[in-house]
Amino acid sequence: MTTKPMMLRLWSLLIAVLLLAALPAPARAIGIKAVTSPGGITAWLVEDHTIPLISMAFSFRGGASADPDGKTGLAQFLSGMLDEGAGKLDSAAFQARVDELSMKLSFEAGRDQFIGSLQTLSPVRDQSFALLKLALTAPRFDPEPLQRIRNQLLVNLREHEEDPEEVAALAWMRTALGRHPYGRPTNGTEETLNAVTAEDLRVLSHRLFARDSLLIAIVGDIDADTLKRLLDKTFGSLPAASGMPAVPEAAPPAGPIVEVIERNIPQSIICFGQEGIK
């Protein structure tokens with residue numbers, strides 16, 4: 001197993017190489033190729049072996065717009081729980097493993113997509129992808145991290161309620177779209193966040209993480225054959241078909257509508273819009 005000092009030296013080397021790469025150089029085309037694994041999982045690959053780094057972005061169709069009534073903020077809650085323990089690793093052990101591998105793993109819930117990213121150094125490539133697989137297929141949702149993440153989300157929610165730009169944007173979506181899922185706050189409310197349970201998160205993860213809605217892009221020190229193997233090992237055991245509901249069409253806003261929200265702040269925030277291209 002690669003030691004921590006070795007990983008730190010590799011990161012230092014990577015930073016130095018990136019700084020050199022930032023110097024002016026002749027433009028060159030980026031070669032993007034589609035890679036399909038034996039199990040039928042496709043990714044877009046940009047192969048670059050100049051530095052020992054691999055970066056992957058992936059997403060699943062479905063996000064905050066599919067949150068159930070009374071449980072808005074559920075997808076956002078799930079994004080905060082996936083690195084808080086999985087399989088036999090509790091939250092502390094999972095985070096320790098991430099640090100040991102010097103990898104980066106993150107998740108984010110949008111309105112229509114659930115997005116993840118992974119960055120890892122080449123010497124610990126397989127171990128890092130294995131940890132991602134564990135997060136997607138065997139999340140734990142233990143009581144202590146569940147309540148801790150809930151508290152963090154509630155603090156963020158209260159901060160957003162005091163942010164004029166957040167208040168204006170949410171008011172615009174609510175006024176323009178009414179009760180349509182796009183008109184709801186993606187971060188939920190204090191009431192709905194407090195209503196989310198471990199079982200809610202578990203059900204959503206089973207419905208959301210599926211191969212038919214998976215999009216993957218990967219860049220760095222990896223060849224097509226190795227990527228094919230890792231695609232099947234990492235994502236191959238996910239359900240074949242997504243269980244996420246389709247989002248209904250949104251009716252165009254009945255306008256013109258003007259809403260004024262009075263706040264004791266030194267400047268005005270204006271948010272405006274109209275029906276656009278789908």
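Colleague: Is R202 buried, partly exposed or exposed?

Modeller: In this predicted model, local features need pLDDT of at least 70 and side-chain atom pairs count only at pLDDT 80 or more, while totals for chains, interfaces and linings use all residues. Residues are numbered from 1 along each chain as its sequence is written, and side-chain values use heavy atoms, with hydrogens and water left out. Buried means under 20% relative accessible area, exposed over 50% and partly exposed in between (1.4 Å probe, protein chains only). R202 has a relative accessible area of 27%, so the residue is partly exposed.

Colleague: Which residue meets R202 in a salt bridge?

Modeller: A salt bridge is a side-chain nitrogen of Lys or Arg within 4 Å of a carboxyl oxygen of Asp or Glu. At 3.2 Å, N to O, the partner is E199.

Colleague: How many residues apart in sequence are the parts that R229 and D126 tie together?

Modeller: R229 forms a salt bridge with D126, the closest N and O atoms lying 3.0 Å apart. Because R229 belongs to helix α9 (residues 224–235) and D126 to helix α4 (residues 125–137), the pair links parts separated in sequence by 103 residues.

Colleague: How many salt bridges does a search of the whole structure find?

Modeller: Among them is the pair R125 and D126, with closest N and O atoms 2.9 Å apart. For the whole structure, the search finds 12.

Methods
Helix = DSSP H or I, 4+ residues; strand = E, 2+ residues; numbered from the N terminus.
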